[in-house]
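Please read the numbered points alongside the sequence and the model.

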Amino acid sequence: MESTSSTGGPQIIGYIQPEFRASFNGDDALGNTQNDYTFAFRRARIGLTGSIPYDFSYYVMGEFSSFQNGPYLLDAFITYNRLKPWLKVSIGQFKRQFGLELTTPCQDLYTVDRSKIVSEALTPFRDLGLMVSGSTGAKKLFGLQKENILSYAISLTNGTGMNTLDIDRYKDFTGRITFAPYDWISAGASYQYGKKVNADPTVTAADVRSRWGADLSLKKYNFVVQAEYLKATDKGSKLVGGGCGSTPELVAGNFYSNGMYAMVGYSTPWKLMPVVKFETYDPNNDVEDIDAHEYRQSSVIFGLNYYPNDWSRVQLNYFYNTETSSGSDITKYNEFPNDAFILQIQVKLN
């Protein structure tokens, strides 16, 4: 969230997202009953942003929702802006710039949750380090008249997540480039690579983590279309879960996973936007989809967004979840009655 202060002084920013969620029959993949009918706070974030004459800006954001294990420091970085828009240099704690959905702020997502592949494969979302970013600004390229045709972000981070010291000398590299030749289309490509010491002291080889992804966004005639593909490789171990605020679990082994999503929405004249999204995620390509533990997971999300004004939003989402299963082997039947309904109301402070 950018500061709108004309004086450059400190400005309070943030948003709150209270919600009601219901998990129908709620058995999870392990057969545990999840009778989840509850009110909660998905996020409750408050922060400060501003500028310091003449070339520096700052951004600090805290998460205060106990349902996200708050309170804790979410973002905190200082940016040198003298060479913007071509070059900005930031240092501190920030979100990794990878992919379309992860780099979309939570308050601007068209569905309540991010896709499963994003939540699983890109955790931890935030890290400590150094980032350079920028865009072509008003310069005209390829004979086109649009501004910011090309933009980029490159970071070098600890690889251990937010509010955590590095445990070795390895660092994570993350890079993203976006090409937007017209106002209605944008295409992006992202890459991440990193190493870390294995949790087992008897293993001398470092764990390797790499990801690459491609995404496309179209906005025309009141339609919004987004699609993204992501492929992940973990050698030695991988993190399961995490995302915004939750603690990921470290699992040993080699894993090759991939997933994608595609979404379409339409803005009506009545401040309503119906949304349909399909997503699919395979956590381990080396195991058959009918395996009893590591099967392909897919969802269709039916959503309706209502925008009463520029600062508020109401979201209704129904999640139809499916798991790839065996029709002949009952021990490998993975379909669970785990559909969910979520009502979320959001108010921004800015």
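Predicted model: local features only at pLDDT ≥ 70, side-chain atom pairs only at ≥ 80, totals over all residues.

1. The protein chain is built from 2 helices and 18 strands.

2. Of the 350 residues in the protein chain, 44% count as buried. The accessible surface of the protein chain amounts to about 17700 Å², and carbon and sulfur atoms contribute 62% of that surface.

3. Contacts across the sequence deserve a remark. Among the contacts in the protein chain with a separation of 6 or more, 56% are accounted for by residues 24 or more positions apart.

4. The structure contains 7 aromatic pairs. One of them joins F20 and F39 in a tilted arrangement, with 5.0 Å from centre to centre and 50° between the planes. This pair links distant parts of the chain, as F20 belongs to strand β1 (residues 11-23) and F39 to strand β2 (residues 37-52), 19 residues apart. F20 is partly exposed, since its relative accessible area is 23% and the buried class requires a value under 20%. F39 counts as exposed because its relative accessibility is 66%, the cut-off for that class being over 50%.

5. Y182 and W184 form an aromatic pair that is stacked, at 6.1 Å centre to centre and with 15° between the planes. Y182 counts as partly exposed, with a relative accessibility of 42%. W184 likewise counts as partly exposed, with a value of 34%.

6. Which residues carry a charged end or lie over a ring face? The charged end of K220 sits over the ring of Y221, at 5.3 Å from the ring centre. K277 lies over the face of Y261, at 4.8 Å from the centre of that ring.

7. Is E101 buried or exposed? E101, located in helix α1 (residues 100-103), counts as buried because its relative accessibility is 6%, and the buried class covers values under 20%. Apart from neighbours within four places in sequence, E101 is in contact with L109, R114, S115, V118, E228, Y261 and K277.

Conventions: Residues numbered from 1 in each chain as written. Heavy atoms only, no water. Helix = DSSP H or I, 4+ residues; strand = E, 2+ residues; numbered from the N terminus. Buried < 20%, exposed > 50% of the residue type's maximum accessible area, 1.4 Å probe, protein only. Contact = heavy atoms within 4.5 Å. Areas by Shrake-Rupley, 256 points an atom, 1.4 Å probe, with all protein chains shown as cover. Phe/Tyr/Trp six-rings, centres within 6.5 Å; stacked < 30°, edge-to-face > 60°. Lys NZ or Arg CZ within 6 Å of the ring centre and 35° of its normal.
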